[in-house]
Amino acid sequence: MDKTVPDFATALAGIEDGMSLMVGGFGGSGAPIELIHALIDRFKATGSPKGLTLINNNAGNGRVGLAAMIDAGMVAKMICSFPRSADPRAFTEKYLAGEIGLEIVPQGTLAERIRAGGAGIPAFYTPASYGTDVAEGKPVAEFDGKHYVQERWLKADAALIKAELADRLGNLTYRKAARNFSPLMAAAAKLTIVQASRIVEPGEIDPEIVVTPGIFVTRIIEIADAKQEEALMREGVAYS
Amino acid sequence: MSTKLSNAQIAWRAAQDIEDGAYVNLGIGFPEMVAKFQPPGRQAIFHTENGVLNFGEAPPEGEEDWDLINAGKKAITLKPGAAFFHHADSFAMVRGGHLDVAILGAYEVAENGDLANWSTGPKGVPAVGGAMDLVHGAKRVAVITDHVTKDGRPKLLKACTLPLTGIGCVTRVYTSLAVIDIENARFVLREKLPGMSVDELQSVTGAELVLPDTIGDLVAPEL
């Protein structure tokens, strides 16, 4: 078995119009910039994929990564907890113009919905949002004298993930705080596409330090000198 | 003496109540200042929602590693004994009752402990982040805030007027004028600025203050 692929076209095959797409990262930490930009390139060349539902903690920053995807007109809806950033212009303009949908989800609920999606748990109860506008329309139940809100699992057609090390079987490690949502998303998507800073042979990653086991990974592409979204932002890069 | 505490002084006062070894989450912005004012000899372990325990101060400019940030997307450093974890584990720490203290900012706090701190109404782009999770689970949920809004209206109220972050969740409020506990759905005055009368404080508070036998002086060093 070898999950590595040689190029972006192969890595991103199967991401089609109208799909839901989880994208790892919290702000710039863990954002798979090269995969995102390759998807934008494909859209510019072929007009697809468009009408995507994006799932990320945020909604892009500046003019790179998710913000560039929104700018390009590929995104119909964001599911996120915090669509603000140092430069949230891309999302804000489209949102205020009514050109993009928004489902706001408390951050821990977002993480747990994704975890549940990957774990085969269709719904769960959380104390977060009880009694607030965010809980409107959701079932509520009392357990041991306290109220909880029912939330549903969240799954996606595909996930884009940035890892540090990957072996050819898809076992992954992450760099510092960059793992954030990625291990959850890798399990919750049908098609999990990983960019790794380095690909190694099976056995070269100590099983004790594997964070995402290869069973959750579909394809891996090596991006040796991956860019960091925050660094691109600070350089004033605009991807188009 | 100034007529109210500065933000730094409010943060200093809140820091005095954090025990040695406590696990603490500080909200984005103003609450982050609390970390600077830990009393000598005490060391809290700070948690950030994006998946780090035991982080330290910001690195010097130019030495940032942007894979190593806090929930406010600011660069951080690690202390010895730090740990990384994914988001579901991070919020297990939050909702699962593992944090000792969460300190948040507020637009409004109600006498029953309701908190409004995520939305100022239907205009603009809503953004909630981790606040709705943080208000549940931490053993103490404290608020640090100016006592009144920029235009002088009370922020401590009978009932919140803005969209709620959580109901009945706040246990203590540190303001620019007072330290107030929320007990049995009432504001109980614990400390006030020594130069301020109870009547003056009551006049800028939107719900009745319960007055215990002893009310301490709220005194912070110049910072």
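Guide: A salt bridge here is a side-chain nitrogen of Lys or Arg within 4 Å of a carboxyl oxygen of Asp or Glu. You're looking at a predicted model, where local features need pLDDT of at least 70, side-chain atom pairs count only at pLDDT 80 or more, and totals for chains, interfaces and linings use all residues. Residues are numbered from 1 along each chain, chains are lettered from A in the order written, and side-chain values use heavy atoms, without hydrogens or water.

Visitor: Which residue of chain B forms a salt bridge with Arg175(A)?

Guide: The rule finds 4 salt bridges across the interface of chain A and chain B. For Arg175(A), the closest N and O atoms are 2.7 Å apart, and the partner is Asp67(B).

Visitor: Which helix of chain A gives the most to the side that touches chain B?

Guide: Contact means heavy atoms within 4.5 Å, and 48 residues of chain A are in contact with 34 residues of chain B. Helices are DSSP runs (H or I, at least four residues), numbered from the N terminus. With 6 residues, the top contributor is helix 5 of chain A.

Visitor: How many residues does the largest nonpolar core have?

Guide: A nonpolar core joins buried (under 20% relative accessible area, 1.4 Å probe, protein chains only) Ala, Val, Leu, Ile, Met, Phe, Trp, Tyr and Cys residues through side-chain atoms within 4.5 Å. Val34(B), which touches Ile103(B) and Leu26(B) among others, is one of the residues with the most contacts inside the largest core. Helix 1 of chain B gives the most to this core.

Key:
Helices (H or I, at least four residues) and strands (E, at least two) are DSSP runs, numbered from the N terminus. Buried means under 20% relative accessible area, exposed over 50%, partly exposed in between (1.4 Å probe, protein chains only). Lists of a residue's contacts leave out its neighbours within four places in sequence.
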